[in-house]
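Let me put the chain up on the screen, and then we'll walk through it together.

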Amino acid sequence: QSHSIKHNQSLAQLPQTHFTSSTMDLHSRQSLLDVIISRYNNMKQKKQISRLMYVATKVNSSNSNITPLSVKELHESLFAKLSEYKVSDFPFGLLFESQDHCLHVLEGKTECITQFLSLLYQSIMEDASCAISNVKILNITDDVGAFIFPRWSYLNVEQFQGDEDEEEPQFREDDTTGKTWIHVIHQTEHKILNIGKKILPLGPKQMEMFLNSATANVPYLVPSPMIMSVLGKCDMCFTLKDWIQIYDTSVDIELDNEIIYPHPEGLKYINELQS
């Protein structure tokens with residue numbers, strides 16, 4: 001009670017301010033407008049980070065007159081073509097190369113990732129000596145919040161035998177939903193992202209040392225050539241060509257009729273069923 005009395009006394013000592021209804025409404029409208037404009041500006045300035053994972057089959061060029069780019073050089077050349085973007089917007093990630101495949105996890109500004117895929121597709125279609133083909137999009141996420149990888153890196157795993165406890169995934173013929181594929185893809189991505197978390201606080205030299213010894217020190221996190229080969233056979237994932245075609249296709253939605261009100265006979269709302 002004494003607390004409330006002191007509180008009332010302190011309120012009584014405050015200067016009295018008189019507002020008319022018009023000034024209150026104007027003040028409210030201005031405040032709401034400020035909030036909307038502020039939120040709009042924040043959304044414009046927000047950098048949306050996408051994450052991409054794909055697998056590809058390596059190609060040996062039959063043209064002896066041309067020295068083809070290696071898998072690493074190919075990707076570096078594609079990054080160099082992203083000149084319209086700031087260096088801070090360039091993709092980060094980790095590229096793995098085995099004897100027959102490459103597996104790439106890439107993070108970056110959404111528009112930058114999309115442009116990179118377009119350049120990769122163009123290179124495969126126009127360059128007969130392109131180092132890779134048969135690209136499968138294993139996973140792509142539009143907004144991951146923040147980078148996991150501090151920069152882009154490369155790791156050759158040609159001599160890597162894999163973790164001793166690793167077993168080849170078994171696929172059931174009656175699995176039409178792709179549950180096993182989903183499990184293998186997400187498990188592989190989870191392991192690679194854990195590598196990213198481990199190298200995130202490291203400097204360039206420390207990170208290079210960590211990756212060079214990763215197959216020996218953390219073999220359970222490194223995708224083995226066997227897993228890369230399995231992922232390359234995924235027949236339930238989009239090819240790069242399919243993904244490009246779908247992404248570039250405009251979506252048209254036509255509403256033939258209104259199904260909300262009045263709702264058709266036989267359609268019951270939840271509150272009607274509960275009553």
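Okay, one term before we start: a residue is buried if its relative accessible area is under 20%, exposed if it is over 50%, and partly exposed in between, using a 1.4 Å probe and protein chains only. In this protein chain of 275 residues, buried ones make up 33%.

Some housekeeping. This is a predicted model, where local features need pLDDT of at least 70 and side-chain atom pairs count only at pLDDT 80 or more, while totals for chains, interfaces and linings use all residues. Residues are numbered from 1 along each chain as its sequence is written, and side-chain values use heavy atoms, leaving out hydrogens and water.

So what's in here? The protein chain has ten helices and six strands. Those are DSSP runs numbered from the N terminus, with at least four residues of H or I for a helix and at least two of E for a strand.

Let's take the sheet. Strands in a sheet pair through backbone hydrogen bonds, parallel or antiparallel. Here, six strands form an open sheet in the order S5-S2-S3-S1-S4-S6, and the pairing is mixed. Strand S5 (152-156) and strand S6 (238-239) are at the edges with a single partner strand each, so one side of each has no neighbour in the sheet. To call two strands paired, DSSP has to find at least two bridges between them. S2 (residues 92-97) and S3 (residues 101-109) have six, in the antiparallel sense. For example, Glu 97 has Cys 102 in S3 as its bridge partner.

Now the helices. How do H5 and H8 pack? Helix H8 covers residues 225-232, and its axis is 11 Å from that of H5, at an angle of about 135°. The contact involves Trp 181, Val 184, Ile 185 and Thr 188 from H5, plus Ile 227, Val 230 and Leu 231 from H8. Contact means heavy atoms within 4.5 Å. The axes are lines fitted to C-alpha atoms over the stretch in contact, with angles from 0 to 180 degrees between N-to-C directions.

Staying on H5, which spans residues 179-199, look at Lys 191. Lys 191 is partly exposed, at 26% relative accessibility. Leaving aside residues up to four places away in sequence, Lys 191 touches Tyr 220 and Leu 221. Lys 191 and Tyr 220 are 29 residues apart in sequence, yet 7.8 Å apart from C-alpha to C-alpha.

Zooming out, among contacts in the chain with a separation of 6 or more, 83% link residues 24 or more positions apart. That's my tour, thanks!
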